Amino acid sequence: MYRIGFSEDIHPLVSGRKLILGGVEIPFDLGCFGHSDGDVVIHAVAESILGALALGDLGSHFPDNDPKYKGIDSTLLLKEVVELMTSKGFEINNIDVQVAISKPKLASYIPQMREKVAKLLLTDVENVSIKAMSFNKVGPIGKNEAAMAQSSVLLRSK
């Protein structure tokens with residue numbers, strides 16, 4: 001059996017925060033604001049898996065009003081989601097992620113992001129696609145006011 005999930009996440013970019021995308025810290029003067037570390041890539045990936053399993057959204061599992069999640073490394077949340085996925089008898093067939101941010105350019109970080117996400121998902125890097133786009137100066141992403149990620153996942157039963 002196969003299950004498909006989709007999600008997107010967007011966070012404003014602010015000073016005084018680390019920019020973490022796909023579990024990788026990227027040197028930059030702005031970072032994603034959020035209750036956790038604000039990693040839009042990991043959030044979209046985790047929520048797309050929850051969606052494929054019909055288990056609700058990320059906020060229902062990790063509420064932003066719970067102090068134990070304040071500043072948490074989002075990869076820890078994804079690990080919990082992967083445990084749920086495997087307990088339900090599923091694994092990653094493939095996942096496709098698009099991250100949108102005007103600056104910095106992400107091309108040199110994408111291989112590291114793919115490897116990190118693949119390891120977290122307990123799958124081969126060949127099953128993980130991550131692409132970047134800039135929105136060409138249009139809207140809050142294009143004006144470097146926000147970062148966004150979208151994720152589509154195909155799960156298969158083990």
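**Helix packing and the sheet**

Reply: Gladly! Helix α1 and helix α3 (residues 74–87) pack at an angle of about 15 degrees, their axes 9 Å apart. The model is predicted, so local features need pLDDT of at least 70 and side-chain atom pairs pLDDT 80 or more, while totals for chains, interfaces and linings use all residues. Residues are numbered from 1 along each chain as its sequence is written, and side-chain values use heavy atoms, without hydrogens and water.

Me: Why are α1 and α3 called roughly parallel to each other?

Reply: Angles run from 0 to 180 degrees between N-to-C directions, with axes fitted to C-alpha atoms over the stretch in contact. Under 35 degrees counts as roughly parallel, over 145 as roughly antiparallel, 65 to 115 as roughly perpendicular and the rest as oblique. The angle here is about 15 degrees, and α1 and α3 are therefore roughly parallel. Their crossing is left-handed, that is, the near helix is turned anticlockwise from the far one by less than a right angle (clockwise would be right-handed).

Me: What makes up the contact of α1 with α3, by class?

Reply: Contact means heavy atoms within 4.5 Å. Residues of α1 including Ile42, Ala46 and Leu50 meet residues of α3, among them Leu78, Val81 and Met85. The classes come to nine nonpolar, three polar and no charged residues. Nonpolar covers Ala, Val, Leu, Ile, Met, Phe, Trp, Tyr, Cys and Pro; charged covers Asp, Glu, Lys and Arg; the others, Gly among them, are polar.

Me: Which residues of α1 and α4 meet?

Reply: Val41, Ile42, Val45 and Ile49 in α1 meet Met113, Val117, Leu120 and Leu121 in α4. This contact divides into eight nonpolar, no polar and no charged residues. The axes come within 12 Å and cross at roughly 35 degrees, in a right-handed crossing.

Me: What makes β4 and β6 the edge strands?

Reply: Two strands pair if DSSP finds at least two bridges between them. The open sheet has five strands in the order β4-β1-β7-β5-β6, with mixed pairing. Both β4 (30–32) and β6 (128–133) pair on one side only, as edge strands. Six bridges join β5 to β6, which run parallel. Helices (H or I, at least four residues) and strands (E, at least two) are DSSP runs numbered from the N terminus.

Me: How do you know that the radius of gyration agrees with a compact globule?

Reply: The rule, for C-alpha atoms, is 2.2 Å times the number of residues to the power 0.38. With 158 residues that is near 15 Å, and the chain has 15 Å, so the two agree.
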